[in-house]
Amino acid sequence: MSAAQARRAAVAAQGFGGTARRGRPSRRTIAAEVERLGLLQLDSVNVAVRAHYAPLFARLGPYDRDALDALAWPQTPAQARRRTMVEFWVHEASLLPMADWPLFRWRMRDNEAKHARWLAGALEHHPDVLDVVLGVIAEHGPLEAGEVEKVLGSGGDRRARAYGGWWQRSDVKVACEHLFAIGELTTGTRRGFRRVYELSERVLPPEVHARRPARDESMRELIRRAAAVLGVATEPDLRDHHRLPPAESRAAVAELVDAGELVPVAVEGWSAPAYRTPDLRVPRRISGRALLAPFDPLIWFRARTLRLFGFHYRIGIYTPAEKRTHGYYVFPFLLDGRLVARVDLKADRAMGLLRVPGAFLEDGADLPDEGRVAAELAAELATMAAWLDLEGVLVDGGGDLAAALGQAVKAQADNVGGWT
């Protein structure tokens, strides 16, 4: 397989196959896209838009973020009945389809074995902290960690009286997070992006909560799913998608190859062997555009991003200011299946603007010219600004694409009677 074929296959498998965005996606469409991708990574940074919202915008176009919230973090009994997603540690903290939660029972067991490392301080203060916190949530939940602490500190709970009303906030939070990591608790909902903990058995459907697949069965299924959504991938690519243990990932890949469910393939320029599904689709061309947030699954494994696109990417938020090359929260720009530019973005909600502190063009003889990149990027930025309920786009930073992008933004605003 040529490098170009592998790139097109990977981009298409990620949902960028050239299908035009049509209308406002329904809740069913949103749920189906999350199920197809397998997970949305969560992150607390909210410079432009929270991480879990952006991948769906990149693939579906403007959609109702409240609809995604209702499917993931219901606020009413009616919403809870239609819930389709739950949280767990997958590729870092993630949203995943509820039916997939049992596939991580092995990780819950691994996390339980690490309790001494996670809970050392809390256990020293209160050896039965896990039972106490679990009991409070069972009786009073769903609750935030701070609310559990208030119950225990109020003296109005029989568990609190056993400790004289004295509790450390950190002990309660650590206990809640550990119970979340071992599957006893999950996120019932969120308030202001804070977890509200609830018993997993009261959130998950009974048939889902009861499932206990064998560890090797889960590994194979997770590799199958990674292969489907990655298109063409090395074993480390497949492993990274769900952060699987290396030895078990390698074993699962070998077993799936033996079963004919994965096909080995040599990709031009790749030093490691790759794998694809037997029914892989390799389109002749990819069309369309998308802004990719730093935690988008197409680019989150940086070694793969470099191998697929020749695109070296580092998130500025984790880099000291003096070492940042392109900005703080940089979105690569995908155009016709190639990464052609990158823009540093910030939603200035006080001013009602999507600000562009930096815009940079990628080098490459086979990439589109600056004028087309600027025009397409300006159009996508305008779409994003409207989706975020902002009134316009302002290019107010540097970079070799900034001047052309600023002109394209102004031209577009003039054409539609808008402003920048």
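View 1. Rings of Phe, Tyr and Trp (its six-membered ring) pair if their centres lie within 6.5 Å, and planes under 30 degrees apart count as stacked, over 60 as edge-to-face and the rest as tilted. By this rule the count comes to seven aromatic pairs. Because the rings of phenylalanine 57 and tryptophan 387 have their centres 4.4 Å apart and their planes at 10°, this pair is stacked. The pair links distant parts of the chain, with phenylalanine 57 in helix H3 (residues 54-60) and tryptophan 387 in helix H18 (residues 370-387), 330 residues apart; helices (H or I, at least four residues) and strands (E, at least two) are DSSP runs, numbered from the N terminus. Together with Tyr63, Phe57 and Trp387 form one aromatic cluster.

The model is predicted, and local features need pLDDT of at least 70, side-chain atom pairs count only at pLDDT 80 or more, and totals for chains, interfaces and linings use all residues. Residues are numbered from 1 along each chain as its sequence is written, and side-chain values use heavy atoms, with hydrogens and water left out.

**View 2. Tyrosine 329 with phenylalanine 331.** The ring centres of tyrosine 329 and phenylalanine 331 lie 5.7 Å apart with their planes at 70°, so the pair is edge-to-face. Both tyrosine 329 and phenylalanine 331 are buried.

View 3. Strands S4 and S5 run antiparallel and are joined by six bridges, two strands being paired if DSSP finds at least two bridges between them. They form a hairpin with two residues between them, and glycine 192 in the turn has a positive phi of about 55°. Arginine 191 stands opposite arginine 194 in S5, a strand that is mostly covered, since five of its six residues are buried. The charged end of arginine 50 sits over the ring of phenylalanine 193, 4.2 Å from its centre; a charge sits over a ring if NZ of Lys or CZ of Arg is within 6 Å of the ring centre and within 35 degrees of the ring normal.

**View 4. The largest cavity.** A cavity is a set of points, on a 1 Å grid over the protein atoms alone, where a 1.4 Å probe fits but cannot get out, and lining residues have an atom within 4 Å of a point. A search of the whole structure finds two cavities of 30 Å³ or more, and about 50 Å³ of space lies in the largest. The lining of this largest cavity includes Gly38, Leu39, Asp100, Phe104, Arg225 and His242.

**View 5. The second largest cavity.** This cavity has a volume of about 30 Å³, a volume being the space filled by probe spheres set on the grid points, which are joined across faces, edges and corners. Leu230, Asp237, Asp240, His241, Pro297, Trp300, Phe301 and Arg304 line the second largest cavity. The largest share of this lining, three residues, comes from helix H15 (residues 235-242).

How values were computed: Buried < 20%, exposed > 50% of the residue type's maximum accessible area, 1.4 Å probe, protein only. 1 Å grid on protein atoms, 1.4 Å probe; cavity = no way out; pocket = protein on both sides within 12 Å on 5 of 7 lines; lining within 4 Å.
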